[in-house]
Amino acid sequence: MGEYVIKLPDVGEGVAEAELVEWQVKVGDLVREDAVLAAVMTDKATVEIPSPVDGEIVWLGAEIGDTVAIGSPIVRLKVAGEGNVKAGTEPGGEAGAKITPTPGPAGASHRSRPSFGPPQVGEGQPSAPKAEAKPAPPLPERASVRESEPVTESPSPLWGGARGRGTAVDEGTASVAAPRPEGEKPLASPAVRLRAKEAGVDLRRIRGSGPAGRILHEDVDAFLARGPQLAKVSGLARNEAVEDIKIIGLRRKIAEKMALAKSRIPHITYVEEIDVTALEDLRSALNKEKRSGAERPKLTLLPFLMRAMVKTIADQPNINALFDDEAGIVHQHGGVHIGIAAQTPSGLVVPVVKHAEARDIWDCAAEVFRLAEAARSGTATRDELSGSTITITSLGAMGGVATTPVINHPEVAILGVNKMMVRPVWDGTQFMPRKMMNLSSSFDHRVIDGWDAAVFIQRIKTLLETPALIFVD
């Protein structure tokens with residue numbers, strides 16, 4: 001028997017370090033080649049780390065939330081044969097100096113714009129050469145053997161995070177969650193789902209201790225150990241538990257980004273009410289229109305707003321800009337690259353519709369649909385998630401009456417779409433039902449004055465309330 005050390009591989013594109021966001025194994029587990037051991041996140045992607053060999057985990061070199069330098073040992077296995085290190089050497093070796101706890105948001109330094117692409121598993125292979133192809137030695141039977149398996153995720157209201165160690169959670173209730181709403185799918189791997197199903201356990205009753213509330217095997221074990229009677233805990237019982245949730249992964253990057261924007265940019269927010277009755281009538285008519293041989297995407301309000309922004313920016317190009325506040329330079333762009341803030345199961349991401357000025361209404365709709373699907377599935381590329389010059393944010397039907405959007409640093413403006421609703425509007429003689437919607441928009445007051453902000457939004461209001469103007473050159 002020998003020992004084999006797996007180092008954090010080069011995840012590409014000049015990345016020097018990565019944040020450990022998930023372990024999928026623990027000490028004592030038996031793993032096979034290609035089994036996923038962990039996931040790390042860089043500023044550009046989330047990457048799964050597979051095992052290049054069969055073996056037993058004997059050492060894990062970092063905790064969730066730690067920042068690990070590329071090339072640092074992260075896993076040590078006991079393997080058949082000689083392995084790749086001398087037996088008895090210090091676990092982790094030089095790694096200890098390269099793994100650093102991640103500072104909290106208050107002490108976090110600025111990182112580049114979050115950008116996430118598909119997992120680059122191919123680049124994540126350790127540099128150590130593989131042994132010659134030969135039948136893998138049989139592993140001892142153990143219930144905890146974990147094969148590489150796809151992870152099924154579902155939207156979760158929880159922010160990504162791992163529970164800190166040493167929390168004050170009441171051990172008596174730690175494994176039991178309040179019943180989730182009917183239809184909500186808890187976050188868990190297929191293996192965990194199968195085990196829960198075989199045990200007759202409803203996963204919606206189990207509190208997950210993994211990142212983003214993922215339910216792990218040990219959570220199912222704890223639930224079964226406590227017995228079904230805890231499921232009958234009264235909702236009126238006092239709950240003294242305090243749960244420490246470490247902010248990691250995408251949630252940490254979002255936190256850093258928002259903190260940077262609010263600390264550096266003096267926001268001015270302008271809210272305007274817009275009558276979109278005519279626009280909704282036009283949108284409905286266009287969606288019903290059938291053209292032989294033409295495949296057009298279904299139109300939402302978003303592409304109309306994008307086209308209205310393009311026309312307005314032509315008169316106010318200073319709105320479409322990036323402010324380099326350290327150099328004291330405003331980079332005013334000719335191309336209008338509109339970021340679309342999108343909520344995904346993993347968190348907030350902003351795919352970018354490039355060159356909206358060169359796209360018609362249907363092209364804008366098609367590109368928004370394509371990027372939204374890529375963002376939700378986690379397949380959006382780095383280029384698709386970067387390069388915006390202005391951003392739209394919308395909470396859809398949950399959009400409320402008004403919001404205070406946070407500017408996507410280093411841009412100078414963001415438009416927030418609020419919920420559309422039918423309201424009574426006085427037309428001079430009587431109240432009429434009209435479809436109304438608010439736009440809540442924020443501007444960098446160092447670059448954009450209140451007057452300019454008002455002119456910008458009033459022009460967009462005119463275009464949306466008289467949608468034929470959107471199509472007039």
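Predicted model: local features only at pLDDT ≥ 70, side-chain atom pairs only at ≥ 80, totals over all residues.

Mentor: Residues are numbered from 1 along each chain as its sequence is written, and side-chain values use heavy atoms, with hydrogens and water left out.

Trainee: At what angle do helix 5 and helix 7 pack?

Mentor: Two packed helices are described by the angle between their axes and the distance between the axes. Axes are lines fitted to C-alpha atoms, for helices over the stretch in contact, and angles run from 0 to 180 degrees between N-to-C directions; helices are DSSP runs of H or I with at least four residues, numbered from the N terminus. Here helix 5 (residues 301-315) and helix 7 (residues 450-465) pack at about 130 degrees, with their axes 9 Å apart. That makes helix 5 oblique to helix 7, where angles under 35 degrees count as roughly parallel, over 145 as roughly antiparallel, 65 to 115 as roughly perpendicular and the rest as oblique.

Trainee: Which residues of helix 5 meet helix 7?

Mentor: Contact means heavy atoms within 4.5 Å. F304, L305, A308, M309, K311, T312, I313 and D315 in helix 5 meet F456, R459, I460, L463 and L464 in helix 7.

Trainee: Which residues does R283 touch?

Mentor: R283, found in helix 4 (residues 277-288), touches L299, T300, L301 and F304, leaving aside residues up to four places away in sequence.

Definitions and conventions
Helix = DSSP H or I, 4+ residues; strand = E, 2+ residues; numbered from the N terminus.
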